[in-house]
Amino acid sequence: MAQEIALDDAHQTSIYIPYLEPDTDNVGSYTLFPDRDLPDGYELRLAAYKMAWSKCLQRVQELIHVLHEPVVDRVAELVNTAYTDTLPGLPYTELPVISVTLFGTSSSIFDEISARLKTEGRDDLFDDHTGHHIVTHLFPQDCPNLTSAMKTLITGFIDNTEETLDSIKRKPVSSLSTLDITFLQIWFDALCESRKSDNEITRLVVILHDFEQFDPLVVQDLFEISSIAIPRLPLVFILSLTSPSTPSYIHATYPRSALSRLQVRTCSFSMSQGVLYDIMLKIFFDVESDPDIALGPVAIEFLVDFFGRHSPSLDGLVSILQLVHMKHFEEPLTALLAEESLISGKLADHNSAPFLHCILSRVQTSVLDSDISADWPVEDVDRLLGIVRNARLTFQKSSKLFRTSFRVLLLVQDFMVSLGHRVEKTLPELMCAALRGRLGTIYRCLCTLVKQLQIDQLDELVSDLRDFFVGVPTQVRNAEKEVISRVNRARSVLADKSSPREAQGMAEVIGEMLVEYFQRRFLLLDDIPLWDIWYTGATPFPSELLNPSLRASIFSGLLRPQDYDSVVPNQDDIDVDDEETLSGMPDTSILFQRYLESGKMINVFDWFESFTVVMEAQKQEAIQLVTAREPQARTPTRRKGKRRSAEDQLFRGESQEQIEKGRLEVQARFIRSLHELDYIGLIKHTGRKADHVMRAVFDVPS
């Protein structure tokens, strides 16, 4: 039964006005290009996006795992030698603490560390689990005090073991509490007895996530209790730190008395521009990999700029790449990246004619199928899919040869750098120049340096080129047979010491050969037919999704709500003095317009009166729409008298019950809009005048 809202209850401090969601059953599929999109093309593009992004994300995670591997190996080594590699002559055993400083990487590295430690010493072939370590995780929200921290620590170890220890029989009266470290000692002894292993092999590893967020007093007491239980309990603490390694957060926060009990070992991972360049090179310019989406120069420039200026982290890299994929699949043609079994049924629909004609216009201007005429029937879907399939093969082959030539350019450039020559452009600048077709000056300069090499230097460069082409895929070797044969011939000539004259002229031959090779392969990818299906090109990056301007967006939504809601009428020139214009806007925008007209102090009652005037204009518009359809019986006459208030004007001609209900509705709408402006932070309350509020913002963009 619905609860009735008592608006006149003086004891009710707040009223909840439920939001009625619009009916979305008849809402069409989302598209930015309705004139050339498929019916339900959004679902097809979403399926294609998931497939392409999953492939890219898997490749990124593989590279991140390779970057994390040295840190994971180092942490595993420190855990294994925690109680063996100690300083002799110490009066007591120190508590092993490993601080892992993460700068630029994600917290997934601790999942890799945990998985590595859990499998350390495990022999799955003979089902031997006696050597693996036991890992538990502590988070700041789970340890507000020492009691909660000890309980989480002890129960975390007990719950993370696969063995059921029947030897531990707990009696309700004499059992130890799960808050007592002695209970953990008894449990660990029973575990080692059941495994028939020594306690010097197994480690109890505690990973403290977001270590800077822990209460230092709680952690200090936790370390002190744990140091009493070692070495009988082989505890090892791993700390997740995001603060700089110098000065150390541990040494700056904890007193010397607490640090004297610890054996602190440091292991750090730092993110740099070189790591970003290496990841980009191995994902989008690798000869072996074949990404579904090729990155354009605009996306590369934004990625490098954001990484160097805002957030040098791997999480930021993943977010940017995902946004690039999402932006790319707004194009209706990218639906062709979906499986043919899904798209063939859509293309047979007669509503797909605009989409088919769009592809037809692109195909007629290309060399894919020159015999297609303007009156070619687009109902031949199989032939059209065959054309798209050929275009995809053409793009994949051209892009693979493009990436191969770029790696050859980098090989020659690195060789020249090893000889002492300078490089003026960074790797991303070379990538963007190659994609824009502006690499001619650079490779000509490199080829000029190749022509000036001595015989022994040229022999080394040719050997590197031969080794590179040996490792490329078979498809590339078949396409570059001529270049590979010329490289092999040059290598044989340089290796033959009996013909020095021919060897001296080989530098000129290799230089000219490289110039021809680069000219033939460094072609614009956007010249390939239907390139925008597989290549982002010069599409601008949606930076507002990654780093939005909240202040400007809020003011834009309040001043021009029609840009965000199709229900609001589109009025280019808004006159704030025209109540008829304001009546078509949301309540909060109406209140904000009057907010801009006021001074530093705003009288709430006057504000409400101005809001009521707009409500009157809004009501008159509704009455005019009704009366325009129904002819009036008589023309009302003007009556002379006193000017009524705004509320009286609003509710004239209605019964007393309707007037009271209407007034409460207007007041509720006003209060709700006032609370929204208060929530945004545009007004401040003052204790001097209860019926006044203060403006908090004055420089509002127009």
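Which residues make the nonpolar surface patch of about 470 Å²? In this predicted model, the patch is formed by L550, I554, Y679 and I680, and the elements that contribute two or more residues to the nonpolar patch are helix 22, spanning residues 550–559, and helix 27, spanning residues 656–680. I680, which is placed in helix 27, has a relative accessible area of 35% and is accordingly classed as partly exposed, since that class lies between the limits of 20% and 50%.

Helix 13 was examined for agreement between its length and its number of residues. Just after helix 13, the backbone at G420 adopts a positive phi of about 105°.

The cysteines were considered next. The count of disulfides comes to zero, where a disulfide would require a pair of cysteine sulfur atoms within 2.5 Å. For C445, the closest cysteine sulfur is that of C447, at 9.3 Å, which is too far for a bond; likewise, the sulfur of C447 has that of C445 as its closest cysteine sulfur, at 9.3 Å, again too far for a bond.

How values were computed: Residues are numbered from 1 along each chain as its sequence is written. This is a predicted model: local features need pLDDT of at least 70, side-chain atom pairs count only at pLDDT 80 or more; totals for chains, interfaces and linings use all residues. Side-chain values use heavy atoms; hydrogens and water are left out. Helices (H or I, at least four residues) and strands (E, at least two) are DSSP runs, numbered from the N terminus. The expected span of a helix is 1.5 Å times one less than its number of residues. Patches are made of residues with over 30% relative accessible area and no salt bridge: like charges are joined within 9 Å, nonpolar side chains (Val, Leu, Ile, Met, Phe, Trp, Tyr) within 5 Å. Accessible areas come from the Shrake-Rupley method with a 1.4 Å probe; for residues, only the protein chains shown count as cover. A salt bridge is a side-chain nitrogen of Lys or Arg within 4 Å of a carboxyl oxygen of Asp or Glu. Buried means under 20% relative accessible area, exposed over 50%, partly exposed in between (1.4 Å probe, protein chains only).
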